[in-house]
Every structure is written in structure tokens, then in C-alpha cells.
Amino acid sequence: MAITVPRRQLFIGGQWTEPVRRKTIPVVNPATEDIIGYIPAATSEDVELAVEAARKALTRNKENDWAKATGAVRAKYLRAIAAKVIERKSELANLEAIDCGKPLDEAAWDMDDVAGCFEYYADLAEGLDAKQKAPLSLPMDTFKGYILKEPIGVVGLITPWNYPLLMAVWKVAPSLAAGCTAILKPSELASLTCLELADICREVGLPPGVLNILTGLGTEAGAPLTSHPHVDKIVFTGSTTTGSSIMTSAAKLVKPVSLELGGKSPIIVFDDVDIDKAVEWTMFGCFWTNGQICSATSRLLVHERIADEFLDKLVKWTKNIKISDPFEEGCRLGPVVSKGQYDRVLKFVSNARNEGATVLCGGTRPEHLKKGYFVEPAIISNVTTSMEIWREEVFGPALCVKTFSTEDEAIELANDSQYGLAGAVLSNDLDRCDRVSKAFQAGIVWVNCSQPCFCQAPWGGTKRSGFGRELGEWGLENYLSVKQVTQYISDEPWGWYKPPSKL
């Protein structure tokens, strides 16, 4: 399929803007390893222009600026963007698939979620109007008070390559709904659909500077954005290492951050499950999005009583996954995003084998695919808790396996991680599922499934998986500042100090 990659520039102040240094980055199709286009590469000079545009949009025209507009006004723009996303769904899905390698069916599903996210936050933007001046219950009747919720200001949004447009919209939609203005810096490995979002914003007439989009390298565009004194908050999704650097940079300016970072999430399978259903959820939990998902339940804990049968079926089902170019009918696993990621996944599997683990299947290039960054999904058993494959995030299609005998042992193994993003428990005993859900040290728990995500539900982790929550009402609160207003309403003087005439 011939996909035309639009030639775009940076999007600053509502206009396509050539980078000051005129630098570009090649776009590589991970299924063919061919260069299919170029994206602009922003640097610190472009960050300055984008921040200036965002600040002007925040406060221009006195009471008619974006921050002071009603939620209903902002909602109209969000709904218009959602409608354009649906209108251009096929085009956007094609660009997503060719850019990051995810199966076309999955990319199309993502576009539905993108539109749904804009619609959801349009509703919340309207609801925000009614929540303004919410009264406070005060203990003294000589005072009354209320709460104002105000946009936090100019926000920097730094997003990953595994869900290029959807993860961006998780941040863009609530930040705009709250009345913030934003600078989006998508990953340099997958930016095409984010640039098309800029084109959609231009089409619907979003006021200039409300959303600015800078593509480029993290060191050249992301770092200056993080450290800029006129950016009021940074919201980041990505690796724990990069998140730590962002937090350090922001701390120098006492700048708030929200971080959604890495994960090494467990999935516990008890011996009372329907094995076929549990096998499919286990596969979906780790191999969906080509295994490149921060919440992947990549540590399988299976009850020893069913382990042999479970793993036998798991291997057979996994070998049956269609691995192909994302545009082939029925593709369920495409390439990982880049040569660097391809080498990383293969090295993890090789290191596991060298440490004494058993690779039951996968972890190599599929024989029928001579080009592209394809990796057969790996299932790795005989894993110990000291092994790298157990402790570190692979961010690729690799599942490590341990058995357990008791519920307490399963919980202890599940929580044996520096990460705490998600966890899944599969059992027909719902009381047990409830106990395990409460015991998980994680921000997200799935019961008898893995990876469902809804924009109405909060998303985020604990420990080194970060802090703060995206999605749901919590996602909107991420971009709001709470102000209390208290008024003295008595006709009597306060009376703490005696007037001079009575001294």
C-alpha cells in the first residue's frame, strides 16, 4: 500500500513554521527499514517561539483569552477536533501504522479512542463551568468562601511513540479543556499523526497558540521545554530514566510535573480459570501493541497445578500469531518501532538465556520476514527473581514466567518490583480477586482481563512508575489550580485591635 507522508513544519502560533536551524529527522518505516519522509527538528530557538505563542494565547484579549473562556466555548473546539479525527480516521490510521509499526486494525481502534477522548473532555469542560464558585462550609458565620478552579498555565507535554496520537491526546484534550495552552513534543520516532493533529486544529480554527507542536529530539527540544522558566508544568510519559531527568530539571524552578513511567507488571493466573480464556488474556496483556506498552503484564505468575498445561497452550497460541507487515489482513503483531528497540529486545532474550532461563519460543526474527524490525514473541520460563528479564522493562514482546503454590506467594512475587503501574489477576473466585486487587502495589488493577483502558478511568502508577493520574476527572484536575476566595460578610468591625481614639 502506497502511503503518502505529508511534508509538515513545526506548528507554532497557529502557523506552519520552519525550524530556525532548518534541521530535519528521517522517518523510517519499521516494517521495511525504508526512509519514507522527514519531520522538522525543533531546537531551543523554536521552543522559545512556541512558549511565547502559548503565553500570548493564554492571556490575550483580556476576558476573551483561552484561559478565561467558558468551558462551553472550549468544548466546541474539542468536539470539532473529534469530528475531524473521525472524518480522517483512515488516513490517520495508515500514517500511525506506517510510522510506528502497529497493526492497522489496532491503529484504527486508536483513532476511535482519540475522538472519544476529545468528546469526553468536551463534556468535562462544560461541567467545569457549573463547578466554579463551589461554596465552602466554614465554621464562622461572619465569613463565606468559595473555590475557583483555574488553568495552571502553559504546559509542556512530552509523549512516547507506542501510542503516538492517543497518548498525546490523553494530555492535549484535558489540558485544553482546563483552559491551559500547550506545547506538545511527541517522540521523534513517531510524530506523523501529531503533526496531522496540528493540521486538524488549523482546520477547525483553534485560536493561534493554544496548541503548539514541536517535533524533534529529546535533547534538543524536550530538554529546553522542560527547563523553560515560562512553562508552568511538565507532563511526561516515557522511561523512568528520562522521567527522573525531567523531575530534576523541573525541581530547579519548583515546577510541578506529572510522570507516567515504566512498568514490569504481573499477571497472576490461579488454577480455577478457564485455561483458553486465560491464555488469550495473557497474550493480549503482553503482546498487544507489539509488546511495546508501559503497562504490559509481562511477568506471568501461573499456579503450579496448571502450569504445564497452561504453558503448552500458551506456546501453541503464541506461535499462531500472524506476524506481518501492519497492512496485511489479519496482522496481529507488527515490527517494533526502530533498530535500537529491535536490538534491545533481542539482547534481553539472549541475556535471559545466558542467565539460565529457558526460551520456550520466540525471541528471534521470523524466518519469513527478511527485512523490518520484527521479533517473534518470546515466552521465557525457569526465571529467577534476580534475573534481568524479571526486573527490567523490555518494552517488546517478551513474557517471563514463574510458578506459585499459594495466594500469599503470588502476591509477594507480584509486588517484587521497583515498578507499580499495573497488575492483573485471573480467577473464578471473585473474593480472591478482591483480596489480590487490594494487595497489588500498583495504580491499575485488571480482574479476569488485561490492558482494557477507558478515558473515564484514572491511569497512573506508584513507586518508580511515576505519580499523578491521567484520564477521567483526575486527568482534568492535572491541569487545574485550586484557588480559595474567602469574604468577610459581617457589618461589625473585626475588633482585634483597638482604634486609636479608644486608647
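**Entry 1: the largest pocket**

I looked up which element gives most to the lining of the largest pocket in this predicted model, and the largest share, six residues, comes from α8. I took helices as DSSP runs of H or I of at least four residues and strands as runs of E of at least two, numbered from the N terminus. At least two lining residues each come from α7 (218–227), β10 (233–237), α8 (240–251) and α11 (339–354).

The volume of this pocket is about 910 Å³. Of its 38 lining residues, F236, G238, S239, T240 and T242 are the closest to the centre. I sorted the lining into 13 nonpolar, 18 polar and seven charged residues, where Ala, Val, Leu, Ile, Met, Phe, Trp, Tyr, Cys and Pro count as nonpolar, Asp, Glu, Lys and Arg as charged, and the others, Gly among them, as polar.

For the terms, I note that on a 1 Å grid over the protein atoms alone a pocket is an open set of points where a 1.4 Å probe fits, with protein on both sides within 12 Å along at least five of seven lines, and that lining residues have an atom within 4 Å of a point. Grid points are joined across faces, edges and corners, and the volume is the space filled by probe spheres set on the points.

**Entry 2: ground rules**

I number residues from 1 along each chain as its sequence is written. Local features need pLDDT of at least 70 and side-chain atom pairs count only at pLDDT 80 or more, while totals for chains, interfaces and linings use all residues, and side-chain values use heavy atoms, with hydrogens and water left out.

In α7 I found A221, G222, P224, L225 and T226 buried, that is, under 20% relative accessible area, with exposed meaning over 50% and partly exposed in between (1.4 Å probe, protein chains only). Their cover includes α1 (44–59), β7 (154–158), β8 (181–185), β10 and α8.

The buried residues of α2 are G71, R74, A75, L78, I81, A82, K84 and V85, and they pack against α3 (89–100), α4 (104–131), α5 (164–178) and α6 (192–204).

**Entry 3: strand β15**

I then asked what lies on either side of β15 (residues 378–381): A378 and I380 on one side and I379 and S381 on the other are all buried. Strand β14 (residues 358–361) pairs with β15 in the antiparallel sense over three bridges, pairing here requiring at least two DSSP bridges, and T358 has S381 as its bridge partner. Strand β16 (residues 398–404) pairs with β15 in the parallel sense, also over three bridges, with I380 opposite C400.

**Entry 4: two loops**

Q292 sits in the loop between α9 (275–287) and β13 (299–303), and I count Q292 as buried because its relative accessibility is 2%. Apart from neighbours within four places in sequence, Q292 is in contact (heavy atoms within 4.5 Å) with W161, N162, P335, V336, V337, Q341, F395 and G396.

F395, one of those contacts, lies in the loop between α12 (388–391) and β16. F395 is not a glycine, yet its phi is positive at about 60°, and its relative accessible area of 17% makes it buried. T289, in the loop between α9 and β13, likewise has a positive phi, near 60°.
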